Amino acid sequence: MCVAATQVGSDTFYNLSTTVSLENFGWMAIGFGDRMVGTPAVVVWPNSDNSTTLSQRKATAHASPPIDPSPPRLATLREDLSKSTATPASILFSMPSSGNATEMMVFAFGTANPRTKDAGATLIRHVWMTLLWDIGVTTLCLASSAYLYLLRHQRNASLISTGSPLSGYILTNQVVHARLLPVESKHAFSYQTMSLLLSVSALENKTLNCGWRGVIFGYPGIWGRMTGLRPQTYLRDQIGSDAVVTASIRQKLAELLRSSNMKLGEVWMMTMPSFLGFEGINPLTVYFCYEKGKADVWGIILEVHNTFGERHAYVLQVGKNEDGQDKKSQGYDHQWTFARQFHVSPFNDRSGHYVCSVIMPSHPPPSTVVRPSGPTTAPRPVIRLHLLTAPPSPQIKLVALLRPTLSEPLTALNLLATLVLPPRSSRKPCNPHLLSAIPEPSPAPWSALPLGAALLLTSLRIVYQAGLLHYQRGLAVFARPEPAAGAGREWVEQALGGVWNDIEPSNKEEFSIGGSIGWQSESPTERWARIRFEEKMNTAAKKLGITVRIASTNPLVPIILLGSQEIHARTLVLCYRSPRTWTAILVAPTAAHVLEFGSRTEHWFSVSDDDLFNELWDGCLSPNESGQIAKIIRLIRDGAGVVGGLGAWFNLTGTNYLVPCVAPAGSRLELVLQDSTGWISISRGNFVVLPSSNASCLNETFDAASLSRSQGALSTELQIFQSSVISAISVSATASATTTIVGTASATPTTTGTESSNSDPKSLGRIIGPILGSLLAVILCIMIGICLMDNGWT
């Protein structure tokens, strides 16, 4: 838009022109002043009949200006000199001169034509700006009013709720974690979070839903709701006739406790809900189970989730395997000591045992069978866990406490206040008996955040604390062991040798109630590798007259039968714990390699007959093609003049280890060491291949560099071998009784006597990287949740 002014006598002619096309030419305006509000303005626009409309207005706000009934200067349209329908377009009008040598002006341009000759027509551009402004102001006013209303409601609410028993409560919890061992890595923190204590019967009858169609809290489902629960994320799904069936939470509980012969009655469920469609890790869900027709707790179920998507259930029955009064901690109703059988923290192995101390809810959920007489206090159950090290001298390694400080009835107002407002404090210190092992930690910096934000930040908090433990406190990371077998697949667990735990091995003859209830699913690569394995094994088994039976520790994965279906056929049973079995088999050069590595070392799978497995393996190979990996190994052995040798591992806690391997003599390799507790370490530059299989030289101490006879680059064949993700080291090893050598590292050449050391583990990038990644993930989840919430309201 261009404005030109020419003074002719006592009048000034103003020419407003634009170069935009006629379709995008809405209107043009100029105002005589230095601001929009209070300035006399002239607005012009073309009409469909080639005429032009001129309107004199005066803006009173940042909105469409109204007609000025008495303008200070009257404007006269000069249509004879205007070209409103041409491109470029120009519209000319005249006004009496202001008499000033200079004149301040403002101008505006709109692309939406009013489409009328009425001089008082509304300017479309200002309609949208007004609408957006009004929406913003209205939203701010409504949000402020709602916040103040919730604040008043919260202040008027009592911190101690008494009255008739209800079916749902909102719990404001204090969560305390303290690591006591190793002493140099002591660490403790405390923060507040929110959970719900719900009657499962009322939950599934949808009588606890809050808001219109459960928009504030609802079950089942989380989409389009501020908070919600869904049964898919709890316990274990059931297996139907053809597929996995998603049952209700109550049905899952009844199935889990079926072997106990207990008639399940009412159940309290203490869990963290989703928020804005985002489900956090939800580390612990507790079920307080009552037998049908009785008012006392039959037992509790601790459903534990880890960050790997796996789940485990510990079933603790009152009066069974319970600690005696002489061992029970003061202030608690019940206490159990049981073996640790699930991997939660990457900084702990799976050894040791838990001591679980519990304060039960003050009353059972209301029902038609059992009703508490008179007023009751709102339930505030407490869970405390001590992780003890393995015998013979068990010590407290970790303390975790979940203690509700407030318990309020589950209503829409109470839930909104809890989610939006800063958490209230009961101003009552923690009972010293509840946290006897450590002093009460000071609150974390984020303690004042609303509990709705705390639900979103659960994952980020876990990553943050893990970063402190690993990079600041120096705690090592343990490899993740696979979960134990689920109910109905105990025979698979026994075939695999059980999960190691020196307190209570899982391969005992009698399995307790509960156990693993959630497993990681196959990745696309693992699924593809399994299908390839099944196709080849099925063809070879039919040809050789062998029946192959494949069973997973996950009961949700059906047992697969391959090969011959004849009654008298030879049978091979393959039991596996990890889907990584299939990728290990896919890349293994020989059956001996995969049995040594995947079965005997990593315990990912086991076979009932090694010879039968070798026969099937050979049957899968065509006479002329033995596989790309086998070709590479043959090239290494024949083309590079390489001889088999012994890998010598020196200066590792004063012990020398041997690893049979295939690599050029004198080559320096990288080796991964994993002991029985799951600890993994990597060392470079100290592993040297000896030219022969004579191990007598290891009886003396040698400088590793003096044994190296060839420090040049590895052959081309060996580099191809390395890129194929197959280690040149066989995994057979002779080591001490407590250590296993795992040959999973790749060969690396060197040109000097010593390899370069690993980078500093406390580098800034390694610390900030995971935290930033988690922060971005949380922000993305918040944005998605807000969009989903908006869809739910509209």
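**Helices, rings and burial**

Modeller: The axes of α8 and helix α11 (residues 610-620) come within 9 Å and cross at roughly 105°. This is a predicted model, in which local features need pLDDT of at least 70 and side-chain atom pairs count only at pLDDT 80 or more, while totals for chains, interfaces and linings use all residues. Residues are numbered from 1 along each chain as its sequence is written, and side-chain values use heavy atoms, with hydrogens and water left out.

Colleague: What makes α8 roughly perpendicular to α11?

Modeller: Angles run from 0 to 180 degrees between N-to-C directions, with axes fitted as lines to C-alpha atoms, for helices over the stretch in contact. Under 35 degrees counts as roughly parallel, over 145 as roughly antiparallel, 65 to 115 as roughly perpendicular and the rest as oblique. The angle for α8 and α11 is roughly 105°, so the pair is called roughly perpendicular.

Colleague: Which residues of α8 and α11 meet?

Modeller: K536, M537, A540, A541, K543 and L544 of α8 meet F613, E615, L616, W617, G619 and C620 of α11. Contact means heavy atoms within 4.5 Å.

Colleague: How are helices and strands defined, and how many are in the chain?

Modeller: They are DSSP runs numbered from the N terminus: helices are H or I with at least four residues, strands E with at least two. The chain has 15 helices and 35 strands.

Colleague: Why does W519 count as buried?

Modeller: Buried means under 20% relative accessible area, exposed over 50% and partly exposed in between (1.4 Å probe, protein chains only). W519 has 14% relative accessibility, so W519 counts as buried. W519 lies in the loop between β26 (514-518) and α8. Not counting residues up to four places away in sequence, W519 touches several residues, including R236, P483, A484 and N554.

Colleague: What makes N306 buried?

Modeller: The relative accessible area of N306 is 5%, so N306 is buried. N306 sits in the loop between β19 (297-305) and β20 (311-317). Leaving out residues up to four places away in sequence, N306 touches I281, F342, H343 and V344. Buried residues make up 47% of the 794 residues in the chain.

Colleague: How many aromatic pairs does a search of the whole structure find?

Modeller: The search finds 13 aromatic pairs. One of them is Y576 and W582, at 4.9 Å centre to centre with 70° between the planes.

Colleague: Why is the pair of Y576 and W582 called edge-to-face?

Modeller: Rings of Phe, Tyr and Trp (its six-membered ring) pair if their centres lie within 6.5 Å; planes under 30 degrees apart count as stacked, over 60 as edge-to-face and the rest as tilted. The planes of Y576 and W582 are 70° apart, and the pair is edge-to-face. F605 and F613 form a tilted pair, with 45° between the planes and 6.4 Å centre to centre. Both Y576 and W582 are buried, and F605 and F613 are buried too.
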